[in-house]
Amino acid sequence: MGGTLDFKLVQPEESIKDFVYCFSSLQNFSNDHKAVVTPNGRIDLICSKTNNNKIQVALLGLETQPKYPDQEISDFCSVSFNPLAIEYIFGFPVADIINSGRLMPDDFWGLKIEDLDHFDAFCDMMTKKITALLPADVDVRKSKLFELVFAQDGEISVAELCEKILWSPRQINRYFNQQFGLPLKAYCKILRFQASLSHIKAGTLYPQLNFTDQSHFIKEVKRLSGVSPKELYKNKNDRFLQFLVDDQK
């Protein structure tokens with residue numbers, strides 16, 4: 001590997017927080033790192049430099065399983081979007097790229113390769129672009145839905161959500177399947193796993209959230225990370241990249 005991983009994270013401005021989870025930058029990353037990307041319930045726009053010094057922009061759909069990057073990437077800047085952004089910022093669903101991605105046009109949103117040279121400038125530019133795309137109105141049921149599932153780390157029943165936002169289970173699941181490629185219950189399990197990472201990182205290897213029992217907890221962690229809670233805690237060779245986010249959130 002060319003050097004020590006250099007990870008940076010910037011929180012979004014308050015005005016775009018409903019749509020943007022964070023901005024991040026990772027340098028000195030390559031296949032030698034044997035990295036693992038675990039699901040976190042967000043959709044990422046990855047902007048990187050190719051070997052022939054051109055910009056490459058890719059939109060990654062939601063992940064429901066661990067991912068092992070297999071292409072050489074030395075550095076990149078990214079925007080991690082909350083699901084609400086898919087309909088209201090991008091204007092098209094990502095159901096067809098669940099556990100995969102889509103290359104965007106090289107000039108997507110006016111991005112140029114030099115925009116990746118300075119992370120702070122990248123964040124400023126993307127903030128301005130996203131702000132310009134903010135919708136005049138958002139379906140209050142959808143904004144309330146994500147507010148509730150994020151606040152509860154996914155630990156809220158469909159029945160309770162329906163009662164609070166006055167939207168039927170059938171309508172909610174149709175929305176999730178059409179926009180993101182998975183039902184609400186599956187999405188909530190991802191958020192619960194994501195919330196469990198901080199406990200595991202601190203050495204708490206038994207469930208703190210609403211898992212049925214220890215066996216269920218281990219099974220869910222293995223399904224979404226590829227390893228047991230014990231192995232995840234060890235984080236051998238710092239390969240679980242989501243821990244980098246936890247360090248700076």
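The angle between helix 3 (residues 140–151) and helix 5 (residues 169–180) is about 85°, and their axes lie 12 Å apart. On the helix 3 side I list Lys142, Leu145 and Phe146, and on the helix 5 side Ile172, Tyr175, Phe176 and Phe180. I sort these contact residues into six nonpolar, one charged and no polar. The classes are Ala, Val, Leu, Ile, Met, Phe, Trp, Tyr, Cys and Pro as nonpolar, Asp, Glu, Lys and Arg as charged, and the others, Gly among them, as polar. Axes here are lines fitted to C-alpha atoms, for helices over the stretch in contact, with angles from 0 to 180 degrees between N-to-C directions.

The model is predicted: local features need pLDDT of at least 70, side-chain atom pairs count only at pLDDT 80 or more, and totals for chains, interfaces and linings use all residues. Residues are numbered from 1 along each chain as its sequence is written, and side-chain values use heavy atoms, with hydrogens and water left out. Helices (H or I, at least four residues) and strands (E, at least two) are DSSP runs numbered from the N terminus.

I read an open sheet of six strands in the order 1-2-5-3-4-6, paired antiparallel (pairing takes at least two DSSP bridges). Strand 1 (6–10) and strand 6 (101–103) are at the edges with a single partner strand each, so one side of each has no neighbour in the sheet. From one strand to the next the twist averages 20°.

Strand 3 (residues 43–49) has five of its seven residues buried (under 20% relative accessible area; exposed is over 50%, partly exposed in between; 1.4 Å probe, protein chains only). Six antiparallel bridges link strand 3 to strand 5 (residues 75–81); isoleucine 43 has phenylalanine 81 as its bridge partner. Strand 3 also pairs with strand 4 over six bridges, and five residues separate the two in a hairpin, where asparagine 53 has a positive phi of about 60°.

Is serine 24 buried or exposed? Serine 24 is buried, because its relative accessibility is 10%. Serine 24 sits in strand 2 (residues 20–27). Its contacts (heavy atoms within 4.5 Å), leaving out residues up to four places away in sequence, include Phe7, Leu9 and Phe119.
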